[in-house]
Amino acid sequence: MSMNGMDGSRPVRLPRLDSLTGLRFPAALLVFLYHASLGVPWIRLFESDAANDGFAKAVSQAGALGVTFFFVLSGFVLTWSAREKDTFRAFWRRRFVKIYPNYVVTWGLALITFAAVMTEPWQAVLNLFMLQVWVPDFATNFSVDPPSWSLGAEAIFYLAFPLLYLGIKKIDAAKLKFWIAGTVAAIMLTPTLTYAVIPGGGMQMPGADGTSTVQYWFAYVLPPVRLLDFALGILVARAVMSGRWRDIGTVWSTLLLAASYGVALNVEHLYAQRSVTLIPIVLVIAAFAARDAESKPTLFNNRPMVWLGEISFAFYLVHYIVLAYSRELLGDGLFSTPVGIALIAAQAVVSVLLSWALYAWVEAPITRRFSSSRKAKAAKAAAAATAAGGAAPAGRSDSSGPEDRKVAETV
């Protein structure tokens, strides 16, 4: 079964989304800052309660913003980069090869460095197979390497993408706005449904206005619920690609996102996690994609930002390990505010360096080697040789895969 192109008039290749690749790093950095602000003993650095509480308040919704950005971005860029006559199996192979090796490496590192003493064996096994998100238990959802919970949701997105793509491409372009509006409404109303239907008793989310951990799991963690974010990215991508999107520009969309974050700091927890920032996130992604499509420069499509974006997936998985293990190495003492800030900056730098290593030694080589089957590589080499009017050199084949196109095709 194949995944054909979105529109019959679609060009063979679309412009690279370098700005969206570059934007992945600031999104991952928001998640880093949120985790760095946690007041738990194995993370906290600041001696001053005022400094610790102020930092935690300022970035209390940064992690949720970063994750929601990634979920919408995934649907958008997978749609943008979808290949003509791609098969379900080939797509799933590329996703698995791109995501799982990094995931397993950081799963092992987390257990070795800090997580084994606080993780039940069955929780570790669930994490290994990306199943931790299906249990309505906060400790299980965020066990081993806490940021990796989102990969459990992304795994479902990737499994569903071929069918979602086939369905969404059949929507009349003139009706896309209604589908987008309906999906946005469903996401924004999820907290209302959750508070109305899911009991609020039991274990409570700290500092979350009475939100229970089960309510949080249902509205924020559960993959079928977060699939709406991913589907929204697919719909918006098609609207942009078919000329049905009204772009407000990168400046206004970014200012609107900043303003929405300020609002998110002052509303009920579940609304703050997704609802308030959702529309600005969509506007930012579409605006920067439009700039890339016009080959216009942005703050994020320069070489350093694209490089940071390329290692951002590794950074996302590595940073919590660095935060927890470096805290252990520093002992039990707390630090002055200037020293604490310097230490967090150092943790970020170390995370970047380790992410670079993980990308260079694991992600990139495995992706190049295994993203296409031998049969597909041989067929591509034969087709290239035929087009060139000669035979392919013996023992050589084109091993480049779709990941070499350098769009932001990741979480």
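Author: Searching the whole structure gives 25 aromatic pairs, a pair being two rings of Phe, Tyr or Trp (its six-membered ring) whose centres lie within 6.5 Å. This is a predicted model, in which local features need pLDDT of at least 70, side-chain atom pairs count only at pLDDT 80 or more, and totals for chains, interfaces and linings use all residues. Residues are numbered from 1 along each chain as its sequence is written, and side-chain values use heavy atoms, with hydrogens and water left out.

Reader: Why is the pair of F88 and W92 called edge-to-face?

Author: The ring centres of F88 and W92 are 5.7 Å apart and the planes stand at 65°, so the pair is edge-to-face, given that planes under 30 degrees apart count as stacked, over 60 as edge-to-face and the rest as tilted.

Reader: What makes F88 count as buried, and what makes W92 count as partly exposed?

Author: Buried means under 20% relative accessible area, exposed over 50%, and partly exposed in between (1.4 Å probe, protein chains only); F88, at 11%, is therefore buried, whereas W92, at 33%, is partly exposed.

Reader: Why is the pair of F161 and F230 edge-to-face, and which parts does the pair tie together?

Author: The centres of the F161 and F230 rings lie 6.0 Å apart with planes at 75°, so this pair is edge-to-face. F161 belongs to helix 7 (residues 149–168) and F230 to helix 10 (residues 223–241), so the pair ties together parts 69 residues apart in sequence, helices being DSSP runs (H or I, at least four residues) numbered from the N terminus.

Reader: How do you know whether F161 and F230 are buried or exposed?

Author: F161 has 1% relative accessibility and so counts as buried, and F230, with a relative accessible area of 0%, is buried.

Methods
Helix = DSSP H or I, 4+ residues; strand = E, 2+ residues; numbered from the N terminus.
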